[in-house]
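These are my notes from a first pass through the structure. I wrote them down in the order in which I looked things up.

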Amino acid sequence: MSGLTHTLLIRSSPHIHSGASVDRIMRHVVFALLPACGFAVWNFGWSALATLLTACLACGLTERWLVGSKGTFRRTGVSVLGSGDSSAARPGSLGQRWQTSRDPGDSRLGDGSVWVTGLLYGMTLPPALPLWMVVIGGVVAVLVGKWLFGGLGSNPFNPALVGRAFLQAAFPAAMTTWPAPSHGRLDGLSATTLTWPFGAPPAGSAADGMTAATPLASYQFDALSTGTWELYFGMTGGSTGETSAALLLLGGIYLAVRRMLDWRIPVAILGTVAVLSGSLHAIEPERFPDAFFMLGAGGLMLGAIFMATDMVTSPITHAGRVIFGILIGSLVFVIRVWGGMPEGVMYAILLGNATVPLIDRAIQPAVYGTRDRSRSITGFYRRLFGGLSIGSRRGAIGSVGPVGTRAVGSRPAPGDIGGVSEAAVAKPVTGNVAARKWGEPGSRGSVEQEAVGRGIGRMYAVVLGIGMICGVGIVAADYWTAPIIARQRAAYRLRAVLEVLPGAVRAIPFVETAGGKFQSVEGVEVASEVVFAGYDERGDLVGLALEAEGQGYQDRIRLMFGYAPDRAVILAMKVLASRETPGLGDRIESDPGFLANFGDLDVRLDDSGVNVANPIEWVAAGQRVNRWELDGITGATVTCRAVAEMLRDATAVWVPKLAARRQDFERTDGISGRE
Amino acid sequence: MSMGAAGTQTAATDGSAVPATDEFLKGVWKQNPVFVQVLGMCPVLAVSNTATNALAMGSATMAVLVLSNLAVSCLRQVIPPQVRIVTYILIIATLVTIVDHLIQAWSVELHRALGAFISLIVVNCLILGRAEALAAHSSPLRALWDALGMGTGFLLALFCLGAVRELIGSGSLFGVSVLGPQYQGWVVMMLPPGGFFVLAGWLMLFSWVGRPAHAVAAGLPDRASELGRKA
């Protein structure tokens, strides 16, 4: 047997190994991230440490659960996810990918990649995020972001960002609550960190002055810039690990020097952002932030250096990586400057990840020994669109030819009725007698022509007949339901009116006449020019209900508000129609703090009597001092501001008019109210 | 099963004598339009964010489906095959318009919540699919049973999605708080992505429960892991 000790190993390429293993690279990435993490703990306190540790543990334990202790993908995982016996064997399918990833030694807890995922994921989260949310996002990151696609090497999206994107969509309010840096950081954990699992974070924490807007948010919403020093050293609000641009840059340089990171991607991203913002800032300095601010603010450094360079989810070729970087950089700039959100690095990288297979397909190096056509436009398109073969003469004819020929050849001229070929009619698709007759072989010549003529006539007759019956049906339904619908709408409106005029039991619609007087009307249809006057049981005027409309975050918002002319205040507000983001903007309908604004919202007129003395103004949550200020909701700045502006515009038009003609509404005798 | 007698009611113009119960249960379970056929995804993902919306949408679709199947089946001898699709769409659109008016007359709030998706029932491929695949060459009775089954299956599936999404998304069912006031809703479940997540979960469950018997007997998990070991 001694002759068999020297076996010849036959392996596929690559044969030359650089010596870099997944373990080793991941270890160095962790080293590079540690300074920024340390700074985060110093800046945000124990909450940041708890967030980072929980994120790592959640990701690690999920991986351990999926992978099992022996290093093989757990059985239950395969059977639940695979769901069919064929998927494991079909070449090129996801099943095959699982098979390769299940190879022992290929995906072990010990390869360290999950710790990098966990650490990066933790660094993108707000420092005081409730820990149970951190756990959920971590499970999603590893389970959905990594293993559903087949584990390390097969995931199209950066797992850490998948976890964060899920949390951003699931808990938008908690994900945009940023604790102020250095605020009682080492006294203990922040109140929100230790929220009971599945419980809402304590509501008071947002209002007690502990929060700080991120530099990008304060730029977008308040046009405030942040000092370069604070920005680059990270003394700002923001995600746990993203604030210190300088330390992240340092870590990036360390990895680039050790050749564990391709410098092309971060340089392309940062360069694109710098060029775009620099040139636009030079043209219009007040509209566009300068390049230094754009580079240092938000998660750009963290994303460009550590997330976009993820080896699995970035292109293989150098040229591809530069294209990838430019794409992400432009997306970041577009989202930040023209988007509704202040920050867009996460979505930019995820979108960039989605294009990686396309980029890799388009930028393929020529196979050694073949003609290099990758640099020509033709080759580029061919790679990009594959089988469509644009520009390739042979391919174009080859792909279109047979299909076209068959289509032309198979159309028999005589049996063709209304574009349906004889062959199609001949199939007994329906039980129609006429169709069978046409399709019968042998029925050709004049008999057939006659049959065709009759068939077409009948065809029109049937469609017209059925169409007319349908029309009559619709008209009848409309005739019958129209009065009911009108009643329902009026009742809906009345409910809204009584809701914004607390204490009122009936309401009467008024319209403005040509002379500027207000007159009560009966049975008025829905129109925004109508003012509803609400009266209590004794017949005294409670207030006037008006409608206002304006542009919200997503779409137009329509609301109704009650105005009390005697006290010159807004009594209440009800949203009639809005499509604001659930969980953020739509809290204007339910947030008790926001609704508490109303009741004594001041709309007094000034001495001249033609203007509102203090137009309604929006202020940040918890900042309300004066009675004409509207306290906002954290995370719903745009919507709250829209409501304030709508109320301001509506009151500017209506309040002077209504206050002047108050006596029109006072008399209720002789008018029957609409209950 | 006491329903066996009902099975003989099937009229057999098309020659096949399928019991009515089978016709009905086929749509509910074996060929469930959402979980098995994966049809009509647009309303399934968009309006299943609360249990109430899901039930309303499911009922509206079921009503249209039953009426359109009946109408198509009754008119199947009349409609020329060349224009059958046009005619079906005409019938379906009329029914949808009427249902839309009825919902509006019933509740303004519900009509607001369902939005454009009531009108979009017209293009739900489930309805046109049943008209083309079954009602066009079956007796009205069979078409009725089929529509009832498919409609119920669609309603059930929508409710399964809507209930889970509302429970996780806002901690309530039919607008009544179930998980208490302290529960933090997962907003993503109320948004379209949540529809995909929950649908994926149900599809996974269905394909797991409904695995063919031979796959269970063969012990699929074991075979799969064997393949893994060999690789």
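**Entry 1: chain B overall**

I began with chain B, where 51% of the 231 residues are buried. I kept in mind that I was reading a predicted model. I counted eleven helices and two strands in this chain. Next I read the elements along the sequence and got α-α-α-α-α-α-α-β-β-α-α-α-α. Then I looked up the contacts in chain B between residues at least 6 apart in sequence, and 73% of them join residues at least 24 apart. The accessible surface of chain B comes to about 9,900 Å². Carbon and sulfur atoms account for 72% of that area.

**Entry 2: a positive phi in chain B**

I stopped at Phe174(B), where phi is near 55 degrees. That is a positive value in a residue other than glycine. Where does Phe174(B) lie? I found it in the loop between β1 (172–173) and β2 (176–177) of chain B. I noted its relative accessibility as 41%, so Phe174(B) counts as partly exposed.

**Entry 3: chain A overall**

I moved on to chain A. Here I found 25 helices and nine strands. Of the 675 residues in chain A, 45% are buried. I checked its contacts between residues at least 6 apart in sequence, and 67% of these join residues at least 24 apart. I put down about 33,200 Å² for the accessible surface of chain A, with 61% of it belonging to carbon and sulfur atoms.

**Entry 4: a helix in chain A**

I picked out helix α6 (residues 131–147) of chain A, which has 17 residues. From first C-alpha to last, α6(A) reaches 23 Å. That is close to the 24 Å expected at 1.5 Å a residue. Is this helix mostly covered or mostly open? I found 13 of the 17 residues of α6(A) buried, so by the under 20% cut-off for burial the helix is mostly covered.

**Entry 5: the loop between α8 and α9**

I then read the loop between α8 (172–175) and α9 (204–207) of chain A, which holds Leu189(A). Leu189(A) is partly exposed, because its relative accessible area is 37%.

I wanted the strand order next. I found an open sheet of seven strands in chain A, with the order β2-β1-β3-β4-β5-β6-β7 and antiparallel pairing. Which strands are at the edges? They are β2 (518–520) and β7 (601–602) of chain A, each of which pairs on one side only. I reminded myself that strands of a sheet pair through backbone hydrogen bonds.

I followed β4(A) on both sides. On one side I saw strand β3 (residues 531–535) of chain A, which pairs with β4(A) in the antiparallel sense over four bridges. Phe532(A) has Ala545(A) in β4(A) as its bridge partner. The hairpin of β3(A) and β4(A) has five residues between the strands. In this hairpin, Gly539(A) takes a positive phi near 90 degrees.

Ala548(A) has Leu559(A) in β5(A) as its bridge partner. I noted that a hairpin of four residues joins β4(A) to β5(A).

Why do I call β4(A) largely enclosed by the rest of the structure? Nine of the eleven residues of strand β4 (residues 541–551) of chain A are buried, so the strand is largely enclosed.

**Entry 6: Arg624(A)**

I finished at Arg624(A), in the loop between β8 (617–619) and β9 (629–631) of chain A. Its relative accessible area is 25%, so I logged Arg624(A) as partly exposed. Leaving aside neighbours within four places in sequence, I listed its contacts, among them Ala596(A), Asp600(A), Val619(A) and Glu629(A). Asn597(A) is in contact with Arg624(A) as well. These two residues are 27 apart along the chain, and their C-alpha atoms are separated by 8.8 Å.

Key. Residues numbered from 1 in each chain as written. Chains lettered and ligands numbered in written order. Predicted model: local features only at pLDDT ≥ 70, side-chain atom pairs only at ≥ 80, totals over all residues. Heavy atoms only, no water. Buried < 20%, exposed > 50% of the residue type's maximum accessible area, 1.4 Å probe, protein only. Pairing = 2+ DSSP bridges. Contact = heavy atoms within 4.5 Å. Expected span 1.5 Å × (residues − 1). Areas by Shrake-Rupley, 256 points an atom, 1.4 Å probe, with all protein chains shown as cover.
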